[in-house]
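Visitor: Please take a close look at the aromatic rings here. I would like the pairs, the charges over rings and the cut-offs behind them.

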Amino acid sequence: MAETIFAPWDDPTEKPLIRFRNVTKRFGAFTAIDDLTLDIFEREFFALLGPSGCGKTTMMRMLAGFETPSEGTIELAGQDIAAVPPNKRAVNMMFQSYALFPHLSVYDNIAFGLRRDSLPRADIDARVGEMLKLTRLEKFARRKPHQISGGQRQRVALARSLAKAPKLLLLDEPLGALDAKLRQATQFELMDIQEKTGTTFVIVTHDQEEAMTVASRVAVMDEGRVMQVATPERIYEAPESVYVADFIGDVNIVPGTARAVGDGLFQLNWAEDTVPFIAASEGAFSEGQACHLAIRPEKIAISAERPPEAENAVHGKVLDIAYLGNLSTYHVELPGGQVIKAQTANTRRISRRSFTWEDPVWVSWTKTAGVLLDQ
Amino acid sequence: MQRFVLIAVPYTWLLALFLIPFVIVFKISLSDIALSIPPYTPTLEDGFGPFFSALDFENFVFLTTDDLYWKAYVSSLRIAVTSTAITLLVGYPIAYAMARAPEEWRATLMMLVILPFWTSFLIRVYAWMGILSQEGVLNQVLLWLGVIDAPLTILNTTTAVYIGIVYTYLPFMVLPIYAALDRLDGALIEAAEDLGCSRVQAFWLVTIPLSKNGIIAGSFLVFIPALGEFVIPSLLGGSGTLMIGKVLWEEFFNNRDWPVASAVAVILLLILIIPIILFQRNQQRQEEA
């Protein structure tokens, strides 16, 4: 059975659930969000990724209704929501601090939103039971928030924000307070729950790994602007700017000037008296235009001899080795002082490592391994 | 050993300044009035046997025979409860506004609440006499504004006592509530609104329950001194204001009847201690649940 790929953003007939249209938000003289336009589709797991102060939390608070845009409109299912107060929005939020009510039991916390809709008691009971089961909290229903662990509190917060079956769930750094192991497990749990409930999730995070793991699409933000919106693979493999390339994962940035050599290929003159690099690019560059080659360390091979068929190869010496257990990252100094990071999997024991400090080596990569960026 | 010393210090303090005086007062309440110094018998000079055999509960029985006493207790309770309630109604919004005020203002606002303590309590109560009297500031202003035609009689009434108590004890209500509200995480209110509460609902369902401890502490801090209050009813109240503090004073100084006055004081203490113990039991049970 051919599974259809979930990609509503590529379908022009699909109507977005959320629409930011030229949204600007100022706090006094400070511009938190700068003329931002963005569509988020139903059933998406959308990540807002950026360093602190980039405006991602402000965007989320505008969706929840705690802030209103200074300019522009935000539409939810085709309706401008500027005038709708938070308590009337079909949007729920999971707070970074969880914001569990300390005076209420786990059960009452989850039932809090349902009771506001004055549902019959039996319905509330059923729904809370369902949420407790979904988040595996049945045993803790009678406990108070201070009597359970951090991971359990996190699940209570999630259950509470899902209880009202919102059209849109906002998660503000939902895993920030958990330790690394638990965070990984919870990431998959979140994806599971998102799939099961079919709710649209918007997650705010500064952790790129988290965003890449959970999200269907990622918006990389900087200083109130969206730098790029794409699937995690596109963001990683085809960043549109040095900022995005640098923010996501590890990357080598080699600055230089471009020269077209035809067939979508460009030469990058990166230092004097050296052989220029060759790179394929979808975008065009004019003669002598300043540009950057962005290339991931794991796409660079390291060898003692010059590989005969290599499209790009350059000689250098090992400056530093970072041993990460499963991987090793070699810092190789090229003539002219540029340092390139090359990563290899440690398939052999460390005692049998081929290179050590100060060894002369060749680093090489294919012409499609990196991307050429103009900014 | 260190722990023992640490615990011993406050207990010695309590023993010396609370328990021993209380035992003395309790002993006097079991004694008889006498024309001597001190004005009661027996004393330990009489020897142990006669000393203990002379003690009895006569004074407590006497308190039940005269209407005055239980009426004074009931009236004191009524005044203390009512003024605690008024103080809460006035103090809560003040504390709430303080906690919601911009960060840089809070220290100043706190200062303003504490400021009255820098002046003698007696002088401030006298000042209220100047404000509330027939020719006082309040009546002058109201007459000038045309709100009233003839000056109101406020001074020497129970109303003046309420005004005095609420004014005096307001900081004791505001400060603990402010402390509780200040600690309240703003995200909780947002979470409540996010889950469908209006502002008002969020206040009743989240803010009030979470400031409960402040409310209770503030209420005790107002209720306890208000119940035994003596200065305010004697200066601002009239002959119609019956309060146990005043009765106590009269027994001691006008009648020089120390034993009866001590009995009045012991009963007053019991009235105060019982609700506190009940409250603490309740708190403990809640913690355990």
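Guide: Start with a charge over a ring. The charged end of R142(A) lies over the ring of Y107(A), 5.0 Å from its centre. R160(A) likewise places its charged end over the ring of F101(A), 4.8 Å from the centre. The criterion: NZ of Lys or CZ of Arg within 6 Å of the ring centre and within 35 degrees of the ring normal.

This is a predicted model: local features need pLDDT of at least 70, side-chain atom pairs count only at pLDDT 80 or more, and totals for chains, interfaces and linings use all residues. Residues are numbered from 1 along each chain as its sequence is written, chains are lettered from A and ligands numbered from 1 in the order written, and side-chain values use heavy atoms, without hydrogens and water.

Now the ring pairs. Rings of Phe, Tyr and Trp (its six-membered ring) pair if their centres lie within 6.5 Å; planes under 30 degrees apart are stacked, over 60 edge-to-face, the rest tilted. That rule gives 26 aromatic pairs over all chains. Take W128(B) and Y167(B): their ring centres are 5.4 Å apart and their planes at 65°, so the pair is edge-to-face. It links distant parts of the chain, with W128(B) in helix 6 (residues 121-132) of chain B and Y167(B) in helix 8 (residues 158-183) of chain B, 39 residues apart. Helices here are DSSP runs (H or I, at least four residues), numbered from the N terminus.

W128(B) is buried at 19% relative accessibility. Y167(B) is partly exposed at 27%. Buried means under 20% relative accessible area, exposed over 50%, partly exposed in between (1.4 Å probe, protein chains only).

Ring pairs also join Y40(B), F230(B), W249(B), F252(B), F253(B) and W258(B) into a cluster.

Key:
Helix = DSSP H or I, 4+ residues; strand = E, 2+ residues; numbered from the N terminus.
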